[in-house]
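Hi,

Here is the structure I promised to pass on. Have a look at it first, then read my notes below.

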Amino acid sequence: MTTEFIDTPRAARRRFLKGAGGAVALALTIGFEWAGPARRALAATTTAAQHGPFEPNAFLRIGADDSVTVIAKHVEMGQGAYTGIATIVAEELDADWTHIRVESAPADAKRYANLAFGTMQGTGGSSAMANSWTQLREAGAKARAMLVAAAAQDWKVPASSLRTERGAVIHDASGRRRTYGSLVPAASALPVPQTVALKDPQHFRLVGAAQLPRVDVPGKTDGTAQFTIDVAFAGMLVAVLQRPPRFGATVRSFDATAAKAVSGVVDVVQVPRGVAVVGKSFWAAKQGRDALKVEWDDTHAETRSSADIMAEYRRTAEQPGLPARVEGDAPKAIAGAARKVSASYEFPYLAHAPMEPLDAVVKLTADHCEIWAGDQFQTVDQANAARAAGLTPGQVSIHTLYAGGSFGRRANPGSDYIVEAVSIAKALGANGTPVKLQWTREDDIHGGLYRPMFFHKLEAGLTSDGQITGWRHVLVGQSIVADTPFAAMVKNGIDATSVEGASDIAYAIPNLSVELHTTKTGVPVLWWRVVGNSHTAFAVEAFVDELAHEAGEDPYQFRRKLLAHEPRRRAVLDLAAQRAGWSGAPLPAGKGRGIAVAEAFHTYVAQVAEVSVDKDGKVTVDRVVCAVDCGTPINPDVIAAQMEGGIGFGLGAALYGAITLKDGRIEQNNFDGYRVLRIDAMPKVEVHIVPSGEAPTGVGEPGVAPVGPAVANAIFAATGKRLRVLPFSTENVA
Amino acid sequence: MSTTLTLNGKSTTLDADPNMPLLWAIREVAGLHGTKFGCGMAQCGACTVHLDGQAIRSCVTPLAAVAGHRVTTIEGLQGKPAKAVQAAWVKLQVPQCGYCQSGQIMSASALLAQNPKPTDADIDAAMNGNLCRCATYTRIRAAIHVAADSIRG
């Protein structure tokens, strides 16, 4: 892994950028455009370095050996970002896919900002493809134009007489052919074009290809893929941190005598988040921690139980909340309706529980901090690490490695696990000794930053012929972004991540009131795959199903009629229903079918779930048929994989997922108490992708949203019982 | 204290606390990183290795317990079932984040070595101890069938 970080041309580039220094010069470095004046200066360097690689911009590098290295500004955490990024670049470059490799970008907001986030580098909100699409197409196309120009110059023919194919420039008239690698020196001497024509999508060969293999699969099949846990340096220490058992508690005192007596333990240090035991190996440090004695001060700790907090939420929901969306007069419309329907839904705290427990490696000296992590918010982590280390962000470098899952957990505004690792390295003397902080699974389950617990109360009025007259939706729960650096996302008291999926309800309803009560507890919360829609989509799609039933209508047709003005949403609904063989005819006894549709991050997903419920009330989800519209499908197999995985992830949460507190202590410890989906509960999944020429949108999260309500609606169809408290395992289905 | 075992076909002496879980001996003493830590209590299967050909959870197996035995990790995986499983994993593009996949492949190859034609129910039973938070389960099932078919030719 070290070769990635020491190659000379990149170091040269970094030096150059440092030298260029000024804000004016660096302002040009956003995306592709930095490559103008900067690249020419760099070309001089690389030419002098005996034809170093062709680096026309911040996103790709072509070697004399024909290798094409794509620089990924996004983390690869399973969602296929590396493959998608490489596909976009390779498409416009006309690269040979077998010569593509992907390398993670350094933390640098100037060059590698997520354009959907503005000025920070990070991955989230299913935005990797959406924000990279035009940027990387241009990056690839401009590089291709330069390679063509170089060949044209060499052969003394017009560039328009040349074409490119699989990593080579071809002159059909003369039968001449030059690989990109052979054109590196000549192309490096050329100016970067200001504008470039992008491919007509009908000529795409890689984008949309049915079988374009992921770049990361071979290493993830033979054990060679490098995760943070695999980082090893000579003399590296491993730390495990004892955190307080209740959120908000602090260290009163600790006795490290027994911990230090464990063979291999080298030190025990107090840091802001607890007491760290540092050893020569994980096993030594873990045994040391087991022997550590800490007295905690619970003065500021959260000591309530989650059941008490939920009881409070239920009472709160009886009061009007802050308006998140108001159209017409919903209370009046409901009061005057022929029929009234109401229901409430309860959602627990959920842990992300990525398979790789959180970890980070830090090498800290008096003037530099180097971090290795499966980093999801690079420049946020850089700033937080700098603050913890007493350095400037420019003194912090980050190596982003494969993340062993994240689901949002590693995208946290406070950078908890990274700040912990830095604070431990600092407490050890900032002497440059590499330190790996390794969380255990128990640390992960107890560690907070959960999907917030929520209570939803819905009411609606129906006319005697089943038309919805009004809809009122009251949500009660914690804000994810309040009191974080992202607090500016709260507008007029409304955190959009609390109400998304509810306030933007798409059904044609004349009178609407969506209201929010933002609560405060001592339990830290965070975005969890599909964020607000992880609960709002359930509430909306379960309740609309209740209304369809009340109206005596087929739940698919009922939704369809309310979506006439929403063609993309209706198209996925139709596709899922059609492929699932949806009909009005009832299924055999003990079987049920349910449907749900959602939109998240501009991607539309509908799912039809088929369930069996046996005489003991045991639910089996047999099949899920999924339709997705994510704009231009970049890699259909990755899209299918994300839908399959999203369905499994959402289903596990719906069936079993819950983090609960008893007197402030988390009741679950590991995967025995915090159940997630196993293979025996995984349904058959069919994914159908809507053909589209729209700009691509994301697929990492949206597939999670509809599965819970689709299954709940299917269970209702099979049993007549509505499940309104998540997870279902807490309710008696029979 | 040292323990001698056959690790990936080679006689290997590991100098470590005999109570150290095999997982950490493999990772931190032998320096083989393909075997992963996920739970530490045999709940997730990320640490699965073969002990004399059987899939076991190395996170709860003391190093002393494998003295004189054959331990195989993902790095030393050989033989027809194992190679067929790895090829099927690539063909069906199973991995997402990839962290659990060494363990999945170890469990799948042990299954195929014992049951050359597993049903879906056999697969679910054999693989139920291997968690995948990316939920690559449908592809795992399909890939095991593909691997089984390829071995039978």
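**One helix in chain A**

Let's begin with helix α11 of chain A (residues 306–316), where A:S306, A:I309 and A:Y313 are buried. Buried here means that 20 or more other C-beta atoms lie within 10 Å of the residue's own, exposed means 12 or fewer, and partly exposed is in between, with C-beta atoms placed from the backbone. Helices (H or I, at least four residues) and strands (E, at least two) are DSSP runs, numbered from the N terminus. Looking down the axis of α11(A), you'll find its buried residues within an arc of 60 degrees, so they line one face of the helix; the arc is that of the directions from the helix axis to the C-beta atoms. As background, an α-helix has 3.6 residues a turn, so residues three or four places apart point the same way. On the face of α11(A) turned away from the buried side sit the exposed residues A:A307 and A:R315. The cover over the buried residues of α11(A) includes β19 (454–462), β20 (468–478), β23 (511–519) and β27 (661–662) of chain A.

Before going on, please keep in mind that this is a predicted model: local features need pLDDT of at least 70, side-chain atom pairs count only at pLDDT 80 or more, and totals for chains, interfaces and linings use all residues. Residues are numbered from 1 along each chain as its sequence is written, while chains are lettered from A and ligands numbered from 1 in the order in which they are written.

**A sheet in chain A**

Chain A also has an open sheet of seven strands, in the order β10-β11-β8-β18-β15-β16-β17, with mixed pairing. Two strands pair if DSSP finds at least two bridges between them. At the edges stand β10 (265–271) and β17 (396–400) of chain A, each with a single partner strand, so one side of each has no neighbour in the sheet. β10(A) and β11 of chain A (residues 274–279) run antiparallel and are joined by six bridges. Within that pair, A:V265 is opposite A:G279 of β11(A). Helix α13 of chain A (residues 378–389) packs on the sheet and touches β15 (359–364), β16 (369–373) and β17 of chain A. The direction of α13(A) makes about 135 degrees with that of β17(A); axes are lines fitted to C-alpha atoms, for helices over the stretch in contact, and angles run from 0 to 180 degrees between N-to-C directions.

**Domains and contacts**

Chain A is split into domain 1 (3–203), domain 2 (228–299 + 358–438) and domain 3 (306–350 + 450–730), with bounds from an automatic or database domain assignment. The C-alpha centres of domains 2 and 3 of chain A are 37 Å apart. Eleven residues of domain 2 of chain A are in contact with twelve of domain 3 of chain A, where contact means C-beta atoms, placed from the backbone, within 7 Å.

Chain B has domain 1 (2–76) and domain 2 (80–152), and their C-alpha centres lie 21 Å apart. Their contact takes 15 residues from domain 1 of chain B and twelve from domain 2 of chain B.

How many residues does each chain bring to the contact between chains A and B? Chain A brings 46 residues and chain B brings 40. On the chain A side, α20(A) gives the most, with six residues.

Cheers

Conventions. Contact = placed C-beta atoms within 7 Å.
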